[in-house]
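Welcome! Here is a short tour for a reader who is meeting this structure now. Please keep the 3D view open while you read.

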Amino acid sequence: MGKMNLLKANWEGKVGQTVGAKWKNRSTIRTYTKPSNPKTAAQMSVRSAFAEMTSYVALFADQIKYLSALNTSGQSVRNAIIQANKTQIQDGTFDKETLLVSKGGLQKVSGENAEAATNKVKVTWSNPTATNFTDKAKLVAVMVQEESGLVDVVTEDAKKGTTGVTSNIDFMTGDVDVFVYFLDVRGSSKVASISDYLTATIA
């Protein structure tokens, strides 16, 4: 619904067959044009990839709200992750193996491994060798079982890679996606590494 202000000789929104809006801080009026929705194959692929990614990321985004160094200015962690993966959406594909849930300048996790231990998942990694890690640095493991909807986010001292970290919950039979990355705190800022993808199968 549009709003008309006769005293100021302007209006906002759709009024009849016209649309009022602000452009460069000026009131403008244009003829209303119905947005096109051709539903081409390429467009439908983009929409499908966006829907799949949004649904998947929503499973764990809130749980890493305070464990993310992504730029969340004016947006949620879920939207920040989607923004970081816009190339996937533009290509009309959703691939968990290349999905980024974190990115940054810290040394990437190496030597990582995820394995099933009964109904739990254990992750191990090589201790970081870079000198820019503080004592607050930790490894973050985001474990997602899409079919069951079960999610667990666990953290451990970045320098305890051989000890590793185990999920707090029991997963159902099937595959568990695991995203790992380093996260460190510098004053009031967080820095992270680019995430890596692993998978473990609960028998």
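**A buried ring and its surroundings**

Phe 179 is buried, with a relative accessible area of 0% (buried means under 20%, exposed over 50% and partly exposed in between, with a 1.4 Å probe and protein chains only). This is a predicted model, in which local features need pLDDT of at least 70 and side-chain atom pairs count only at pLDDT 80 or more, while totals for chains, interfaces and linings use all residues. Residues are numbered from 1 along each chain as its sequence is written, and side-chain values use heavy atoms, leaving out hydrogens and water.

**Aromatic pairs**

- Rings of Phe, Tyr and Trp (its six-membered ring) pair if their centres lie within 6.5 Å; planes under 30 degrees apart are stacked, over 60 edge-to-face, and the rest tilted.
- By this rule there are six aromatic pairs.
- Tyr 56 and Phe 179 form an edge-to-face pair, because their ring centres are 6.4 Å apart and their planes meet at 65°.
- Tyr 56 belongs to helix 1 (residues 41-57) and Phe 179 to strand 10 (residues 174-186), so this pair ties together parts 123 residues apart in sequence.
- Helices (H or I, at least four residues) and strands (E, at least two) are DSSP runs, numbered from the N terminus.
- Tyr 56 also counts as buried, at 1% relative accessibility.
- Ring pairs join Tyr 56, Phe 60, Phe 94, Phe 179 and Tyr 197 into a cluster.

**Nonpolar cores**

- A nonpolar core is a set of buried Ala, Val, Leu, Ile, Met, Phe, Trp, Tyr and Cys residues joined through side-chain atoms within 4.5 Å.
- The largest nonpolar core has 26 residues, and Phe 60, Ile 64, Ile 81, Leu 99, Val 142 and Tyr 181 touch the most other members.
- Helix 2 gives the most to this core, with four residues.
- Another core, of 22 residues, lies apart from it and includes Ala 114, Ala 137, Val 180 and Ala 200.

- Three strands form an open sheet in the order 5-6-9, with antiparallel pairing (two strands pair if DSSP finds at least two bridges between them).
- Strand 5 (113-117) and strand 9 (165-166) are at the edges with a single partner strand each, so one side of each has no neighbour in the sheet.
- Val 123 stands opposite Val 165 in strand 9.

**The whole chain**

- The chain has three helices and twelve strands.
- Buried residues make up 35% of its 203 residues.
- Its C-alpha atoms fill a box of roughly 70 × 40 × 25 Å along the principal axes.
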